[in-house]
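Here's a quick tour of the model, starting with the overall fold and ending at the ligand. Have the structure open as you read.

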Amino acid sequence: MPIRRREAAQGFSGDLHEPLSLLSHALRRKGEAVPTDWVEATEESLRAGSMRAMLTTVDGRVAGLLINTIRGTRCFSHLFLSTSGLPEEDARSLLDGLFQEPPPGTRRIDLTLSAVSGEAEERLRHAIPTWGYPLHTYERERMTLRLDSNAPPDQPPLPPGYRFCRVVKFPVGIIASVDFRAFEASPDRGLVADTLSEDERILNELMRGSLGVFVADGSPGVVSEEGGGEDLMGFILSLELTPGRALIADVAVAPEVRRKGIGHALLHRALRGLLARGVHEATLWVTTANVGARALYERCGFITTQREPIYIWEAPP
Ligand SMILES: CC(C)(COP(=O)(O)OP(=O)(O)OC[C@H]1O[C@@H](n2cnc3c(N)ncnc32)[C@H](O)[C@@H]1OP(=O)(O)O)[C@@H](O)C(=O)NCCC(=O)NCCS
């Protein structure tokens with residue numbers, strides 16, 4: 001019977017490159033944006049101890065990996081199973097460690113998961129809620145639209161008093177302030193960023209292209225012309241993940257100007273920009289709870305191609 005152990009990746013002398021490569025492959029298969037140098041950078045951070053991970057091994061090879069990224073009082077954890085044999089045992093041992101002894105100072109853990117095979121992942125998804133951890137679950141949906149250069153999306157007009165602009169002409173601080181306000185007034189409040197500065201940090205990374213090639217033509221903004229001003233009221237940010245495949249990474253419209261058709265016009269503008277660049281498939285992620293956003297995407301032809309849970313643990317008050 002092989003021995004399973006839990007140990008910090010920092011003190012692990014075995015091969016981390018292989019399980020991290022399998023993990024990046026599993027994430028890309030699901031349409032996630034994974035930076036090209038992610039495997040090497042993560043391996044280095046784990047060895048240096050600037051990123052923390054726990055792992056289980058079978059005969060010296062990594063079977064389960066739990067990577068924790070700490071941001072303030074939040075911990076974003078990802079559980080990956082790199083073997084398909086008895087994955088529940090590995091997962092349970094890692095999650096017991098995480099929830100019984102959360103990283104110091106952590107008030108909330110957002111846990112996502114993946115596995116080397118779709119079947120192992122599916123089994124795990126069903127098993128975790130039965131293990132008695134105090135979790136609540138969000139569901140994320142991946143929505144996809146195929147684009148056809150012979151039938152480009154039409155361009156709905158903006159309401160009077162608004163016009164399109166390139167979002168890159170605004171400093172990231174302004175873009176983040178619209179984004180933060182938009183998400184604060186949505187069912188996804190706090191899901192990605194719970195402070196304005198965290199929002200700005202994430203957008204900075206995204207626009208620098210660290211998750212995929214930032215596509216300026218697929219990233220329109222809308223400004224209000226009221227009072228001769230140039231206030232940013234909404235925007236979309238798009239990345240090209242692989243040639244021909246784009247991720248719509250962010251969609252935001254300021255709360256005070258919603259339901260005027262701005263989101264719809266922005267989305268079509270972005271899709272037309274992506275199509276002109278040769279993109280044939282656009283993907284985005286949305287939570288099932290975000291009924292308004294899902295209605296907008298469905299109206300533009302997106303269909304749900306995948307569903308995934310995010311498990312949330314919160315420290316007792
Ligand atoms: C989702 C969001 C971008 C929509 O922007 P918007 O400018 O209000 O959207 P539009 O006015 O163009 O709406 C177009 C259509 O989408 C659907 N829709 C948009 N918001 C909706 C809502 N709250 N409830 C139900 N349907 C909605 C409707 O079909 C609507 O058409 P209608 O107004 O003629 O009924 C905006 O609510 C927002 O920024 N939300 C917070 C951030 C967010 O959740 N982003 C998406 C993350 S994946």
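Predicted model: local features only at pLDDT ≥ 70, side-chain atom pairs only at ≥ 80, totals over all residues.

## The big picture

Numbering starts from 1 along each chain as its sequence is written.

The protein has 8 helices and 13 strands, which are DSSP runs numbered from the N terminus (helices: H or I, at least four residues; strands: E, at least two). Its radius of gyration is 21 Å, close to the 20 Å that the globule rule gives for 317 residues, so the protein is as compact as a globular protein of that length. That radius is taken over C-alpha atoms, and the rule is 2.2 Å times the number of residues to the power 0.38. Along the principal axes, the C-alpha trace spans about 70 × 45 × 35 Å. Of the contacts with a separation of 6 or more, 73% come from residues 24 or more positions apart; a contact here means C-beta atoms within 7 Å.

## Strand β10 and its partners

Strand β10 (residues 231-242) has 10 of its 12 residues buried, so it is largely enclosed by the rest of the structure. Strands count as paired if DSSP finds at least two bridges between them. β10 runs antiparallel to β8 (residues 213-214), with 2 bridges, and also to β9 (residues 220-224), with 4 bridges. V222 has G234 in β10 as its bridge partner, and F214 has L239.

With β11 (residues 245-253), β10 forms 8 bridges, again antiparallel, and L239 stands opposite L247 there. Now for the turns: the β9–β10 hairpin has 6 residues between the strands, and G227 takes a positive phi near 60°. The β10–β11 hairpin has 2 residues between its strands, with G244 at a positive phi near 90°.

## Around the ligand

There are 22 residues around the ligand, and R258, G263, H264, G292 and L296 come nearest; the cut-off is a C-beta atom, placed from the backbone, within 6 Å. Elements giving two or more residues to this shell are α5 (172-184), β11, α7 (262-276) and α8 (291-299). Top contributor is α8, with 6 residues.

By type, the shell divides into 11 nonpolar, 6 polar and 5 charged residues. Nonpolar covers Ala, Val, Leu, Ile, Met, Phe, Trp, Tyr, Cys and Pro; charged covers Asp, Glu, Lys and Arg; the others, Gly among them, are polar.

How values were computed. Contact = placed C-beta atoms within 7 Å. Buried ≥ 20, exposed ≤ 12 C-beta atoms within 10 Å, placed from the backbone.
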